Amino acid sequence: MQEEIIELKKDLFCCLIGLARACENVKVSKDTYLIIINALISLLPNEIENAQILKTQIQNVREEKRKVSPDCFVCLSPCGRINDYEKQNFQKDTNEILEQKKSIIIKICNLAKILYKDISDEISNENALKFLLKALFLLGEERSKEELLLLDQEALLLYSKK
């Protein structure tokens, strides 16, 4: 059962990267941010350990991606830009890069938990909300250790401000 939860959380994270990619050139709604925030919170250890809830969240993230970028789903020549991140790509990362990514993921998940409590204050949270998208987007790209370190530091700075 625990293995299933771990795999579902990986799937959810990969879907979130796809949604972040879809949000790149659009105005992101509060509803979209709430879906992202709830999904990020679910990735934290001991937050959501129910397979059905995680499956529902994966479905919600994918449905939101369709709403955010509907043209991509009917494109006759799909570029793959908004595809979910492929789980096997994590295996390509060195241990050092993987550890850096895990550090960033934990920080953005904890930041999401804080943002959930005051999502109604959209103005003061705008930078933090945009950072969640940026971080998810960049975690789905090949980045150097130095680039990830900068992202990790930015996550820590935003988290410490909240």
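**Cysteines, charges and helix packing**

The sulfur of Cys14 lies 7.1 Å from the closest cysteine sulfur, that of Cys15, which is too far for a bond. A disulfide is taken here as a pair of cysteine sulfur atoms within 2.5 Å, and by this rule the count of disulfides comes to zero. The model is a predicted one, in which local features need pLDDT of at least 70 and side-chain atom pairs count only at pLDDT 80 or more, while totals for chains, interfaces and linings use all residues. Residues are numbered from 1 along each chain as its sequence is written, and side-chain values use heavy atoms, with hydrogens and water left out.

**Cysteine burial**

- Cys14 counts as buried at 3% relative accessibility, where buried means under 20% relative accessible area, exposed means over 50%, and partly exposed covers the range in between (1.4 Å probe, protein chains only).
- Cys23 is buried as well, with a relative accessible area of 5%.

**Salt bridges**

- Side chains of opposite charge can pair when their charged atoms come close.
- A search of the whole structure finds 17 salt bridges, each defined as a side-chain nitrogen of Lys or Arg within 4 Å of a carboxyl oxygen of Asp or Glu.
- One of the pairs joins the side chains of Glu49 and Lys9, with an N to O distance of 3.2 Å.
- This pair links distant parts of the chain, since Glu49 sits in the loop between α2 (30-43) and α3 (51-68) whereas Lys9 belongs to helix α1 (residues 2-22), 40 residues apart; helices (H or I, at least four residues) and strands (E, at least two) are DSSP runs, numbered from the N terminus.
- Glu49 counts as partly exposed at 33% relative accessibility, whereas Lys9, at 10%, counts as buried.
- Asp84 forms a salt bridge with Lys65, and the closest N and O atoms of the two are 2.7 Å apart.
- That pair also links distant parts of the chain, with Asp84 in the loop between α3 and α4 (95-117) and Lys65 in helix α3, 19 residues apart.
- Asp84 is buried, having a relative accessible area of 16%, and Lys65 likewise counts as buried, at 7% relative accessibility.
- A salt bridge also joins Asp93 to Lys101, where the closest N and O atoms are 2.9 Å apart, and both of these residues are buried.
- Glu7, Lys10, Asp11 and Lys87 are linked with one another in a network of salt bridges.

- The axes of α4 and helix α6 (residues 145-161) come within 9 Å and cross at roughly 20°; axes are lines fitted to C-alpha atoms, for helices over the stretch in contact, and angles run from 0 to 180 degrees between N-to-C directions.
- That angle makes α4 roughly parallel to α6, because angles under 35 degrees count as roughly parallel, over 145 as roughly antiparallel, 65 to 115 as roughly perpendicular and the rest as oblique.
- The residues making this contact (heavy atoms within 4.5 Å) include Ile97, Ile104, Asn110 and Leu111 of α4, and Leu148, Leu151, Ala155 and Tyr159 of α6.
- α2 and α4 pack at an angle of about 125°, with their axes 8 Å apart, which makes α2 oblique to α4.
- Among the residues that make the contact between these two helices are Leu34, Ile37 and Ile41 of α2, together with Ile108, Cys109 and Ala112 of α4.

**Individual residues**

- Asn110 is found in helix α4 and is partly exposed, with a relative accessible area of 23%.
- Leaving aside residues up to four places away in sequence, Asn110 touches Leu44 and Tyr159; the C-alpha atoms of Asn110 and Leu44 are separated by 7.7 Å, although these residues stand 66 residues apart along the chain.
- Glu64 lies in helix α3 and counts as buried at 7% relative accessibility.
- Glu64 touches Leu19, Ser29, Thr32 and Ile35, again not counting residues up to four places away in sequence.
- Most residues other than glycine have a negative phi.
- Asn46 has a positive phi of about 70° although it is not a glycine.
- Asn46 is found in the loop between α2 and α3, and Asn46 is exposed, with a relative accessible area of 69%.
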